[in-house]
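User: I'd like to go through this model and ask where its labels come from. Could you set each value against its cut-off for me?

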Amino acid sequence: MNGRISPTREQYLSLRRQREVIGKGMGLLKSKREALMKEFFGIVEESVELRSRLTTLLASAQRRLEIARAFSPMALESYSFGVKRDISLEIKVRNIWGVFVPEIEDITLSRVLDALDISPIGESPSVVDVSRGFEEAADLIVKIASKEIRLVRLGEVIRADTRKINAISEVMLPSMDRSIKEISRVLEEHEREEIFRLKRTKGRREGADGQWSGL
């Protein structure tokens with residue numbers, strides 16, 4: 001038995017209470033991990049679907065870009081300078097089981113002709129089509145980035161919680177169970193010794209009383 005643990009009834013009850021609290025805490029930690037894993041795998045499924053769509057969209061946009069570059073290279077270059085812009089992204093935070101998970105606010109990067117700040121007259125339809133295709137791809141890239149930021153954060157927390165659960169279930173609780181069992185054994189031995197001592201004392205008294213009555 002660990003020499004630092006005093007084999008007393010008070011210590012035994014205190015250790016039992018601690019063990020119960022830690023056991024309940026581990027149950028909550030497991031529930032939290034299960035909820036986070038459900039969220040994690042849901043995001044993985046969405047990300048896989050978005051990446052598949054992005055691959056298809058980029059391949060199509062690239063083909064249209066090559067065609068426009070072959071037939072209207074000057075118009076393509078001029079158009080690309082005309083529609084260039086700065087984009088601002090907003091980051092918000094979601095609370096999932098006490099875990100603050102960042103995600104990018106939904107944003108629409110695809111623009112109609114009126115929002116391009118250029119005159120559509122004289123513009124090649126193929127060039128406009130190329131621009132629209134890549135803007136749609138940019139929309140998907142932002143959505144994928146938002147989801148993968150969440151995946152990274154959730155993955156970190158899940159790994160940390162798994163390490164805690166393993167430490168509690170494989171090290172802390174078994175150690176406490178051994179200590180509780182050992183203290184219980186020592187207390188039972190003390191109790192048996194006390195009972196034996198009382199019986200022996202009682203026997204001596206009864207023997208002494210018998211001698212006195214014989215007189």
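Analyst: Here are the labels one at a time, each with its rule.

Analyst: This is a predicted model, so local features need pLDDT of at least 70 and side-chain atom pairs count only at pLDDT 80 or more, while totals for chains, interfaces and linings use all residues. Residues are numbered from 1 along each chain as its sequence is written, and side-chain values use heavy atoms, with hydrogens and water left out.

User: What is the mean pLDDT of the protein, and which helix has the lowest value among the elements?

Analyst: pLDDT is the predictor's confidence in each residue, from 0 to 100. The protein has a mean of 81, and 79% of its residues reach 70 or more. Over residues 1-5 the pLDDT stays under 50.

User: How do you know which helices and strands to count in the protein?

Analyst: They are DSSP runs, numbered from the N terminus: helices are H or I with at least four residues, strands are E with at least two. That comes to three helices and two strands, in the order α-α-β-β-α.

User: Why is L29 called buried?

Analyst: The relative accessible area of L29 is 15%. Buried means under 20%, exposed over 50%, and partly exposed in between (1.4 Å probe, protein chains only). L29 is therefore buried at 15%. The residue lies in helix α1. Leaving aside neighbours within four places in sequence, L29 is in contact (heavy atoms within 4.5 Å) with D161, K164 and I165. L29 and T162 are 133 residues apart in sequence, yet 8.8 Å apart in space, C-alpha to C-alpha.

User: And W97, what makes that one partly exposed?

Analyst: W97 has 46% relative accessibility, so it counts as partly exposed. W97 is found in the loop between β1 (91-96) and β2. Its phi is near 55 degrees, a positive value in a residue other than glycine. Most residues other than glycine have a negative phi.

User: How do you know that β1 and β2 pair?

Analyst: Two strands pair if DSSP finds at least two bridges between them. β1 and β2 have six bridges, in the antiparallel sense. R94 stands opposite V101 in β2, and the hairpin has two residues between the strands.

User: What makes up the largest nonpolar core?

Analyst: A nonpolar core is a set of buried Ala, Val, Leu, Ile, Met, Phe, Trp, Tyr and Cys residues joined through side-chain atoms within 4.5 Å. Here the largest one has nine residues: L36, I43, I96, V99, V101, L151, L154, V157 and I158. As for V99, not counting residues up to four places away in sequence, V99 touches K32, L36, R94, R153 and V157.

User: Last one: why is the F40 and F41 pair called edge-to-face?

Analyst: Rings of Phe, Tyr and Trp (its six-membered ring) pair if their centres lie within 6.5 Å; planes under 30 degrees apart count as stacked, over 60 as edge-to-face and the rest as tilted. By this rule the count comes to one aromatic pair. The centres of the F40 and F41 rings are 5.4 Å apart and their planes are at 90 degrees, so the pair is edge-to-face.
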